[in-house]
Amino acid sequence: MPRYLVERTFPDGLVIPPTEQGAAACRTVVGNNAEELVTWVHSYVTPDKLRTFCVYDGPSPEAIRKAARRNGLPVDQIIEVSVLDPYFYR
Amino acid sequence: MIELLERDQSLAQFDSVLGLVATGTGRTVLVGGEAGIGKTSLVEQFTERHRSDARVLWGGCEALFTPRPLGPLHDIAGQMQSDLLTLLESDAPRTRIFGTMLTELQVSGKPTILVIEDVHWADEATLDLIKFLGRRIQRTKALLALTYRDDEVGPRHPLRSILGELPGGSVTRIVLTALSEMAVETLARRAKRSAEGIHATTGGNPFFVTEVLASDQRGVPATVRDAVLTRASRLSEAARRMLDMAAVIGYRVDSWLMNATAGSDPEAVDELVSRGMLRLHGGELAFRHELARQAILEALSPGTSRALHQAVLAALLTASAGRDEPGRVAYHAEAAGDAAAVSQYAPVAARRATAFGAHREAAAQFSRALRFGRSLTSLEHAALLEDFARESILIDQIGDAIEALSEANRIFVAEGERVKEGLNLTNQSRALVRAGRNAEAEESSRRGIEVLESQPPTRELAFAYSIQSYMRMLNRDTAEAIDWGEKAIAMAERFAHQETIVNAYTSIGAALVVSGDVEKGRASLEKGVHLATVAGFDTLVALAYSNLGSAFGERYLFKDAEEYLRTGMAYATDRDLDQSLLYMLAWRALVHLYRGRWSEAGEDALAVSRRGASAISQIMALVALGRLRARRGDPEVKSALDQALQLAAQTETLQRLAPVRAARAEAAWLAGDHAATREEATAAFDLAMRHKHDWFVGELAYWLWRAGELSAAPAIAAEPFRLEIQGEWRAAADAWERLGCPYEQARALGDGDVDAQRTALALFEGLGARPAAEMVRRSLRAQGIRDIPRGPRAVTRSNPAGLSARELEVLSLLGEGLQNAEIASRLFLSAKTIDHHVSAILAKLSARSRAEAVAAAYRSGIISQSKAAPGNN
């Protein structure tokens with residue numbers, strides 16, 4: 001399954017509190033993703049919390065977008081990526 | 001009843017599904033697992049528990065090389081008080097048979113449990129029945145239980161796509177797993193044996209475990225086969241002889257056949273039942289498991305096997321079973337090496353299979369007849385070859401069909417059968433088109449007409465004309481398509497050959513619409529629909545609708561196209577005409593894309609590629625997908641459009657090459673590769689010019705102009721493209737808006753002044769067209785404009801529901817409390833179009849009413865920010 005980097009912008013900042021509420025929000029996202037066979041690997045968030053770079057596995061760019069729509073998450077850009085490990089070449 | 005170990009959970013699943021069914025929503029239950037895992041035992045246990053509160057109907061598929069068409073339905077009909085059996089025996093049309101079965105499942109008071117076992121062996125007609133019932137099961141009061149060996153259903157097995165396409169919400173899957181070590185120990189204890197090594201060898205397969213425990217041997221036999229044979233070796237000689245005969249007869253052992261072949265021997269039968277080799281199932285003898293029968297069958301020496309088959313064949317022929325079960329007779333005849341009986345019964349079985357729509361089985365029976373047809377005359381041989389070819393085409397074995405047709409053709413030439421030769425050449429041309437070998441098809445069609453014209457007029461000649469018309473239409477040679485079509489109609493009317501008349505009207509109509517004579521073409525196509533409906537030619541009705549949808553789509557008349565696709569898809573869905581349905585679905589993806597409904601476009605396009613669609617459907621779906629990804633700036637544009645090109649190149653026709661090349665030119669342009677844009681557009685431009693196709697010429701010329709290769713628009717280029725090339729961006733944008741193409745509209749505005757470019761940017765942002773939006777933004781910056789919205793506008797960010805620009809507009813007017821008719825006049829659109837937008841908005845916002853949608857939109861801030869949405873000009 002291809003891997004994608006998904007860029008998102010949150011004008012009001014993305015805040016997920018480290019509470020049960022925050023955990024529940026993440027579980028909802030994971031559940032909605034599963035319906036589209038999409039897996040959220042992990043995300044990088046800018047210090048101002050306005051932008052995120054999320055690593056996803058999924059069957060197609062369309063599935064990534066559909067999962068985002070289900071979750072009410074914005075999508076700026078989807079890029080297909082693969083892993084490059086700097087220590088692989090030693 | 002024997003207690004089943006470790007099956008409580010599966011039984012509970014079954015029970016809860018039946019609970020739902022009893023309330024009036026039918027469901028399908030798929031019971032999967034390897035051979036011997038206990039699928040039948042589970043279903044038997046379940047149905048036993050519900051003998052009083054449900055009606056149980058039971059049918060099974062048999063492991064024959066060519067199973068009897070609708071065999072399971074024969075079993076089931078025998079258990080019902082209905083005229084289904086009469087219908088089956090009188091070879092009634094399949095639609096009536098299927099319809100009767102469905103009604104039967106709807107009217108019953110108690111719920112029905114309808115079991116079809118071993119569907120991995122199902123004949124094609126039974127697979128169609130499963131598809132038919134499975135897709136409509138929710139409207140019945142029935143539980144359709146299907147058992148199958150999941151490890152024998154590979155990716156290309158016909159069952160796979162059928163199970164995959166059952167409506168998601170109506171299916172429950174039960175997967176049976178092996179018994180645990182504990183369960184095996186329990187069973188061993190009951191049999192008063194040591195459990196040592198049994199679980200390891202059998203892997204916990206219940207049938208294997210039972211055989212091992214019954215083989216009363218010290219060690220554990222290494223395979224199921226060894227276990228069965230060890231057990232059988234303890235039988236008396238008479239019982240063993242009878243068991244061998246039973247294995248040849250089949251999984252279910254007809255008692256009359258057993259008596260006729262092995263003689264009546266109640267003692268031997270008792271021994272077989274008490275030793276657990278056979279069992280009584282509804283008053284008839286049957287093997288305990290197909291695995292046991294296979295083991296016995298494989299242990300027979302070739303000589304014995306042949307002699308036993310001869311005995312069965314003789315008994316079947318004496319009982320004149322040839323009339324009722326010709327396929328069974330042909331099977332035993334082949335195994336008995338009786339060429340004369342094969343030649344007599346295989347073709348009968350094949351024709352019976354054809355009548356039921358079991359084309360895979362029909363082709364296999366014709367092929368069997370051909371293998372044994374030494375005593376045939378050459379013309380009989382040719383007729384069989386043509387029958388085989390016809391069935392092979394229906395199951396997409398085009399290569400085999402063409403080979404058989406060529407062989408038959410050589411016979412017709414040698415025998416001087418000119419009319420048959422001409423018809424054969426025409427059929428070859430049709431098969432060659434299906435295989436994408438258009439040049440050879442052309443040659444074959446021309447020769448067919450030549451041969452037939454050398455004879456007095458015939459219906460065959462009329463048919464040959466209609467095929468030539470069809471091929472000219474596909475190739476977009478309008479005038480010729482019409483000429484040949486009119487000749488076909490004139491001649492077909494002399495012979496009252498309805499099918500040819502329908503074909504010709506359809507081809508003429510499609511050719512006219514595509515060439516721009518829209519109203520005349522519409523009339524001709526609708527006449528095709530009407531005549532085909534009256535004559536009951538379902539596939540031709542669906543074909544005419546798909547021609548209407550695609551021809552109007554090819555001319556960017558998307559509103560008409562959408563309407564025809566909607567009607568045609570409903571028609572094809574009701575009749576399970578999947579290939580037509582998929583082609584229309586691919587076109588609907590394109591229509592959605594052009595009309596700015598991008599999420600829907602993606603859904604439709606992916607649905608086509610998920611389901612095994614034909615090459616032409618895939619090409620159109622891939623074009624939609626490739627353009628969608630390119631316009632969004634999403635990855636995997638190349639993989640979609642490379643595959644599209646590969647498929648289109650094989651067809652060598654404008655109809656496929658032009659859309660693929662244009663899509664690739666667009667993708668290259670958006671990626672900033674102008675050399676590639678030029679190359680792609682050039683690749684199909686001359687072909688489009690030769691065929692004078694205004695829309696293809698228009699778009700390809702547009703890309704050549706973009707790439708700096710062309711300065712003036714060809715006179716025949718379609719208007720909106722011509723206007724763009726001439727620099728009349730405002731008129732072009734208006735034209736695109738009238739056609740309902742927001743992306744193209746924005747693209748034209750992007751060539752305009754600063755205000756127009758701002759509108760273009762907003763439209764692009766609304767659609768989610770990142771690369772095009774970025775280009776406009778760059779252009780605005782280059783002109784020194786400072787206050788350009790940066791990055792995706794708020795409208796997309798707060799618009800997670802993915803509403804299109806037009807939908808946002810409609811939603812905002814809904815928020816002002818306007819009615820549909822008022823919105824329609826405000827936006828210069830028809831009320832019907834507004835209806836459509838409103839339902840799309842409700843669906844996207846998961847709202848049940850307009851008020852709810854407006855409330856949701858306010859809550860999430862969609863409305864307040866979309867007031868400034870573009871398009872209100």
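This is a predicted model: local features need pLDDT of at least 70, side-chain atom pairs count only at pLDDT 80 or more; totals for chains, interfaces and linings use all residues.
Residues are numbered from 1 along each chain as its sequence is written, chains are lettered from A and ligands numbered from 1 in the order in which they are written, and side-chain values use heavy atoms, with hydrogens and water left out.

**The interface overall**

- A:Glu62, A:Arg65 and A:Arg69 supply 39% of the area that chain A buries against chain B, more than any other three residues.

- The rule finds 3 salt bridges across the interface of chain A and chain B (a side-chain nitrogen of Lys or Arg within 4 Å of a carboxyl oxygen of Asp or Glu).
- B:Arg629 and A:Glu62 pair up through their side chains in a salt bridge, at 2.8 Å from N to O.
- Between chain A and chain B, 7 residue pairs are in polar contact, both residues at pLDDT 80 or more (a pair of N or O atoms within 3.5 Å; within protein, one must be able to donate a hydrogen and the other to accept it, and residues adjacent in sequence count only if both atoms are side-chain atoms).

**Helix against helix**

- α2(A) and helix α33 (residues 615-632) of chain B pack at about 60°, with axes 11 Å apart (axes are lines fitted to C-alpha atoms, for helices over the stretch in contact, and angles run from 0 to 180 degrees between N-to-C directions; helices are DSSP runs of H or I, at least four residues, numbered from the N terminus).
- That angle makes α2(A) oblique to α33(B) (under 35 degrees is roughly parallel, over 145 roughly antiparallel, 65 to 115 roughly perpendicular and the rest oblique).
- From α2(A), A:Pro61, A:Glu62 and A:Arg65 meet B:Leu625, B:Leu628, B:Arg629 and B:Arg632 of α33(B).

**Salt bridges beyond the interface**

- Over all chains, a search of the whole structure turns up 68 salt bridges.
- One joins B:Arg631 to B:Glu666, with the closest N and O atoms 2.6 Å apart.
- This pair links distant parts of the chain, 35 residues apart: B:Arg631 sits in helix α33 of chain B and B:Glu666 in helix α35 (residues 654-670) of chain B.

Definitions and conventions. Buried area is the accessible area (1.4 Å probe) that two parts lose on being put together, summed over both. Helices (H or I, at least four residues) and strands (E, at least two) are DSSP runs, numbered from the N terminus. Contact means heavy atoms within 4.5 Å.
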